[in-house]
Amino acid sequence: MAKITKNTIKVGALEWFYGELAPVGGDSLRTVIFLHGLPAQSLTWTGLMPPLAEQGIRSIAPDWIGFGNSSKPDQRDFDYTPDAFVTALSELVNSLKVDRFSLVVQGFLGTAGIQYALRNSDRVDRLVILNAPLTTGIKLPWQLRQLGLPVAGEMLVQDPLSVERTLEAGCKQVIEDQYLEAYRKPYLKSSAPGRALLATIRNLRLGEVLPEIAAGLPTLDIPIQVIWGAADPWLDLAQAEACVKSMQQGELVTLPTAAHYPQEHWYAQMKAPMMQFLCRQI
């Protein structure tokens with residue numbers, strides 16, 4: 001089985017890390033880009049990339065700026081707002097020379113991916129959304145919100161165990177040590193990942209982002225699949241159901257026992273419906 005390659009690319013002043021898996025049997029005209037949520041990194045997609053390769057599809061999974069092995073600039077140089085993430089993503093896609101692709105997003109930072117799709121519908125041919133806030137009025141859950149608190153948050157984001165506790169609270173499962181070690185590693189090297197996480201939490205601006213998403217998804221005329229872990233402790237299934245009903249080409253896949261990060265422990269269950277959707281002829 002082909003291995004996911006580890007790559008870096010310089011885009012302006014920012015360096016992006018991304019995993020890539022080429023399709024089995026050679027080149028492919030189709031590409032899928034995976035975007036992780038908070039406070040994860042591209043490692044979260046490793047269970048879903050090989051099935052795509054077997055179907056002849058190239059997959060790319062970057063670490064967002066500020067996370068994993070990508071650049072973690074000071075806030076003076078990158079303000080960690082939703083618009084900053086969308087702009088950086090657009091520049092990355094251009095630098096990778098990907099003209100048209102499918103997009104898979106998850107979680108509270110996945111909202112920037114949805115905004116990208118809304119603003120660049122000529123580049124995105126289909127969209128998959130996993131447990132992300134989709135309707136107005138949704139608040140950041142306490143497990144994430146506490147990471148942005150004055151004083152307390154500044155200490156918590158410097159503790160690698162905070163990432164572990166947050167991920168496991170969202171999964172409602174114990175994450176294997178080998179993966180936890182990878183999630184912790186950046187926080188053990190310097191204070192920059194903690195500062196980036198703090199800045200991201202404090203600048204999510206859900207009050208501005210969610211109205212754009214709630215109004216934009218019903219107008220987006222591309223196939224959209226929403227895969228939902230129904231046991232999510234932070235986001236309710238009802239908002240996903242309501243959002244999908246409003247879409248022009250929407251479909252909902254419910255995973256009864258999965259939680260906020262379905263790609264972590266339930267990728268075997270979500271693999272078949274997601275692959276069928278991504279491989280379907282449009």
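User: What makes helix H8 (residues 192-202) count as largely enclosed by the rest of the structure?

Analyst: This is a predicted model, in which local features need pLDDT of at least 70 and side-chain atom pairs count only at pLDDT 80 or more, while totals for chains, interfaces and linings use all residues. Residues are numbered from 1 along each chain as its sequence is written, and side-chain values use heavy atoms, with hydrogens and water left out. A residue is called buried under 20% relative accessible area, exposed over 50%, and partly exposed in between, using a 1.4 Å probe and protein chains only. Nine of the eleven residues of H8 are buried, and therefore the helix is largely enclosed by the rest of the structure. Among them are Ala-192, Pro-193, Gly-194 and Leu-197.

User: How do you know what the buried residues of H8 pack against?

Analyst: Contact means heavy atoms within 4.5 Å. The buried residues of H8 pack against H2, helix H4 (142-145), helix H5 (152-156) and helix H7 (177-189). The labels follow DSSP runs numbered from the N terminus, where helices are H or I with at least four residues and strands are E with at least two. By that rule, the chain comes to twelve helices and eight strands.

User: Why is helix H3 (residues 110-119) described as largely enclosed?

Analyst: Nine of its ten residues are buried, so H3 is largely enclosed by the rest of the structure. The buried ones include Gly-110, Ile-114, Tyr-116 and Leu-118. Their cover includes strand E3 (31-35), H2, strand E5 (101-106), strand E6 (124-130) and helix H9 (206-216).

User: Why is Ser-102 counted as buried, and what does Ser-102 touch?

Analyst: Ser-102 has 1% relative accessibility, and therefore counts as buried. This residue is found in strand E5, and, leaving aside neighbours within four places in sequence, Ser-102 is in contact with Arg-30, Thr-31, Val-32, Ile-33, Asp-125, Arg-126 and Leu-278.

User: Is His-265 buried, partly exposed or exposed, and what does His-265 touch?

Analyst: His-265 has a relative accessible area of 28%, so this residue is partly exposed. His-265 lies in helix H11 (residues 262-265) and, not counting residues up to four places away in sequence, touches Cys-171, Gln-173, Val-174 and Ile-175. His-265 and Lys-172 are 93 residues apart in sequence and 9.8 Å apart in space, C-alpha to C-alpha.

User: What makes a group of residues a nonpolar core, and how many residues has the largest one?

Analyst: A nonpolar core is a set of buried Ala, Val, Leu, Ile, Met, Phe, Trp, Tyr and Cys residues joined through side-chain atoms within 4.5 Å. The largest has 75 residues, and those with the most contacts inside it are Leu-103, Leu-127, Ile-129 and Leu-217. Helix H2 (residues 82-95) supplies the largest share of this core, seven residues. A second, separate core of 24 residues includes Leu-21, Ile-227, Ala-259 and Leu-278.

User: How do you know whether the radius of gyration of the chain agrees with that of a compact globule?

Analyst: The radius of gyration is taken over C-alpha atoms, and the globule rule is 2.2 Å times the number of residues to the power 0.38. With 282 residues, a compact globule would have a value near 19 Å, and the chain has 17 Å, which agrees. Along its principal axes, the C-alpha trace spans about 50 × 40 × 35 Å, and 58% of the 282 residues count as buried.
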